[in-house]
Amino acid sequence: MPSAEDSIHEIALKNRGSLPTPYYLVDENRLLLNLEKIKKVRETSGAKSVLALKCFSTWSVFDLMREYMDGTTSSSLYEARLGREKFGKEVHAYSVGYSDGDVDALRGIATKVIFNSVSQLKRFHPKVKGLPLGLRINPGVSFSDFELADPARPHSRLGAADFDEAMEASSLINGVMFHCQCENDDFARFSSLLDHISEKYGSLLEKMDWVSLGGGIYFTKENYPLDAFCGKLSDFARRFDVQVYLEPGETAVTRSGFLVTEIVDIVRNGADIAVVDAGVEPHLLDSLIYRTNAKMDLPGGGAHTYMVAGRTCLAGDVFGTYAFPGKLSVGDLVVFADAAGYTMVKKNWFNGIQMPSIVVRRLDGKMDVVRRFTYEDYLENLS
Ligand SMILES: Cc1ncc(COP(=O)(O)O)c(C=O)c1O
């Protein structure tokens, strides 16, 4: 039986002839490990999970994800529509700024509409009368290692920051959303954030039917104290008599995706540099934005150090520097790990380099090429 333990490098080598690089690979057996934890949280705590499409919209695996999750949440009209058409179940619509046309179009698509500000709520609520409505709250505190992604950074526009204003508008809503964490794998930090929210917003929460705690809680990580997490969520739900939602993005897909590339050249300039047939800016953009090394699963103690770089013209198109177990050659495969979240949703045609195909390794081990990109896709991306 295929499993989540199988080496992706070996699988890629075995499929070499039929799968030209570059390609993103989503492994359903690895995805399942996260989905089982999401299901456990639902069963133990009652908290529902809606997939954050901004992180992962690869709908070819939604048949599997649908079995374990309660629906989707979105950041735009198009994402909401994708959630409706390809995932089904609950469709939470949210946007930092709706237009008139967006809100009109959401009728018939969304099962909940969440507004980012009191002014948008007041302006648009008559258009979506009858639907459960929510307001995003900015609690002014957060967990994030990056200012760029910190929803509580100074002058943040993400959510209503004025408690009195939110309270005054509370008769128009029956739910609230807090998203104030980013890859938070520290249960104690989550717990104290939730305590802060409970204390500061208790009188508002008591009036609500549902509360979304947003994404960024890394509860699928190995050794995360899932039982304590579930206990905390169910205490919160009981205290305020609310349905709790989580909006996992990265948490749902972590360690289930890869970017498989091939070395096209090796050059030397004070370091050995392997150039691969992909690029950081077009294919793993977050590594560039957050200045982190792309991840790679390599055995420890490798004696051959190479900088791995992309083939765009950007001087800093560098994935990272890694210690490989053997010498590298042109034609070797290089596989980046943890490349499902915030990768395919951000890919772009910079430099016109070949867009990686999307391949799904199904639960039964079958390699399913669900999307190939050609020159025509590049052409039609512009006019
Ligand atoms: C409102 C909201 N919900 C959910 C998420 C998903 O977060 P993550 O992918 O870190 O789990 C985000 C990410 O930015 C978000 O802004």
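Tutor: Two strands count as paired if DSSP finds at least two bridges between them, and please keep in mind that this is a predicted model.

Student: How do you know that strand β5 and strand β6 pair?
Tutor: Strand β5 (residues 112–115) and strand β6 (residues 133–136) are joined over three bridges in the parallel sense; since the definition asks for at least two bridges, they therefore count as paired. Within β6, G134 is the bridge partner of I114.

Student: What makes up the barrel, and how do its strands pair?
Tutor: Eight strands form a closed barrel in the order β2-β3-β4-β5-β6-β7-β8-β9, with parallel pairing, and from one strand to the next the twist averages 25°.

Student: What lies across β8 and β9?
Tutor: Helix α9 (residues 226–240) lies across β8 (210–212) and β9 (243–246), and runs at about 135° to β9.

Student: Why is the set of 96 residues called a nonpolar core?
Tutor: The name requires buried residues of kinds such as Phe and Met, joined through side-chain atoms within 4.5 Å; the largest such core has 96 residues, and those with the most contacts inside it are F56, M65, F229, F319 and F336. Helix α8 (residues 187–205) gives the most to this core, with eight residues, while domain 1 (8–22 + 257–339 + 354–380) and domain 2 (29–252) each supply at least three.

Student: What does F336 touch?
Tutor: Not counting residues up to four places away in sequence, F336 touches several residues, including F319, M296 and Y322.

How values were computed: Residues are numbered from 1 along each chain as its sequence is written. This is a predicted model: local features need pLDDT of at least 70, side-chain atom pairs count only at pLDDT 80 or more; totals for chains, interfaces and linings use all residues. Side-chain values use heavy atoms; hydrogens and water are left out. Helices (H or I, at least four residues) and strands (E, at least two) are DSSP runs, numbered from the N terminus. Axes are lines fitted to C-alpha atoms, for helices over the stretch in contact, and angles run from 0 to 180 degrees between N-to-C directions. Contact means heavy atoms within 4.5 Å. Buried means under 20% relative accessible area, exposed over 50%, partly exposed in between (1.4 Å probe, protein chains only). Domain bounds come from an automatic or database domain assignment.
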